[in-house]
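Please look over the sequence and the structure before reading on.

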Amino acid sequence: MPPKPGVHATFARDHEYKRHGTLSLLAGIDLLTGKVHALVKDRHRSREFIELLRLIDAAYPPKLRSS
């Protein structure tokens, strides 16, 4: 919000955060094959990141996963 004399002297931020259609791209790349594992989501929270990790985990056979 721009400064206004007598209201706020410097730039202020509105308390409401709106994404206005912005999407979050979460991605990981397999450096050996070049395969990109990606998700596009409306929100950017830890649960979306966990979903990406599960997607990547499911892409590899269990014997290649570390314990």
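The sections below go from the overall fold to individual residues and their contacts.

## Overall architecture

The model is predicted. The protein has 67 residues, of which 12% are buried. Its secondary structure consists of 1 helix and 2 strands, and the order of these elements from the N terminus is β-β-α.

The accessible surface amounts to about 6,100 Å², and carbon and sulfur atoms account for 58% of that area. When contacts between residues at least 6 apart in sequence are considered, 9% of them connect residues at least 24 apart.

## The hairpin

Strand 1 covers residues 24–29 and pairs with strand 2 in the antiparallel sense, over 6 bridges. Strand 2 spans residues 36–41. Together the two strands form a hairpin, with 6 residues between them. Within the turn, Gly34 has a positive phi of about 85 degrees.

In this pairing, Ser24 of strand 1 stands opposite Lys41 of strand 2. In a regular strand, side chains alternate between the two faces of the sheet.

## Ser24 and Arg19

Ser24 counts as buried because its relative accessibility is 7%, under the 20% limit for that class. Leaving aside residues up to four places away in sequence, Ser24 touches Arg19, Leu39, Val40, Lys41, Arg43 and His44. With one of these residues, His44, the contact includes a polar one between the two side chains, at 3.4 Å.

Arg19 belongs to the segment before strand 1. With a relative accessible area of 26%, Arg19 is partly exposed. Beyond the residues up to four places away in sequence, Arg19 touches Ser24, Asp42 and His44. The C-alpha atoms of Arg19 and Arg43 are separated by 9.0 Å, while the two residues are 24 apart along the chain.

## Salt bridges

How many salt bridges does a search of the whole structure find? The search finds 2. Side chains of opposite charge can pair when their charged atoms come close.

The side chains of Arg45 and Glu48 form another salt bridge, with an N to O distance of 2.7 Å. Arg45 is partly exposed, at a relative accessible area of 30%, whereas Glu48 is buried, at 8% relative accessibility.

## A nonpolar patch on the surface

Which residues form a nonpolar patch on the surface? The patch is made of Leu23, Leu25 and Val40, which together have about 320 Å² of accessible area.

Val40 is located in strand 2. Is Val40 buried or exposed? Val40 counts as exposed because its relative accessibility is 53%, and the exposed class begins over 50%. Val40 is also among the residues that Ser24 touches, although Ser24 itself is buried.

Notes
Residues are numbered from 1 along each chain as its sequence is written. This is a predicted model: local features need pLDDT of at least 70, side-chain atom pairs count only at pLDDT 80 or more; totals for chains, interfaces and linings use all residues. Side-chain values use heavy atoms; hydrogens and water are left out. Patches are made of residues with over 30% relative accessible area and no salt bridge: like charges are joined within 9 Å, nonpolar side chains (Val, Leu, Ile, Met, Phe, Trp, Tyr) within 5 Å. Accessible areas come from the Shrake-Rupley method with a 1.4 Å probe; for residues, only the protein chains shown count as cover. A salt bridge is a side-chain nitrogen of Lys or Arg within 4 Å of a carboxyl oxygen of Asp or Glu. Helices (H or I, at least four residues) and strands (E, at least two) are DSSP runs, numbered from the N terminus. Buried means under 20% relative accessible area, exposed over 50%, partly exposed in between (1.4 Å probe, protein chains only). Contact means heavy atoms within 4.5 Å. Two strands pair if DSSP finds at least two bridges between them. A polar contact is a pair of N or O atoms within 3.5 Å; within protein, one must be able to donate a hydrogen and the other to accept it, and residues adjacent in sequence count only if both atoms are side-chain atoms.
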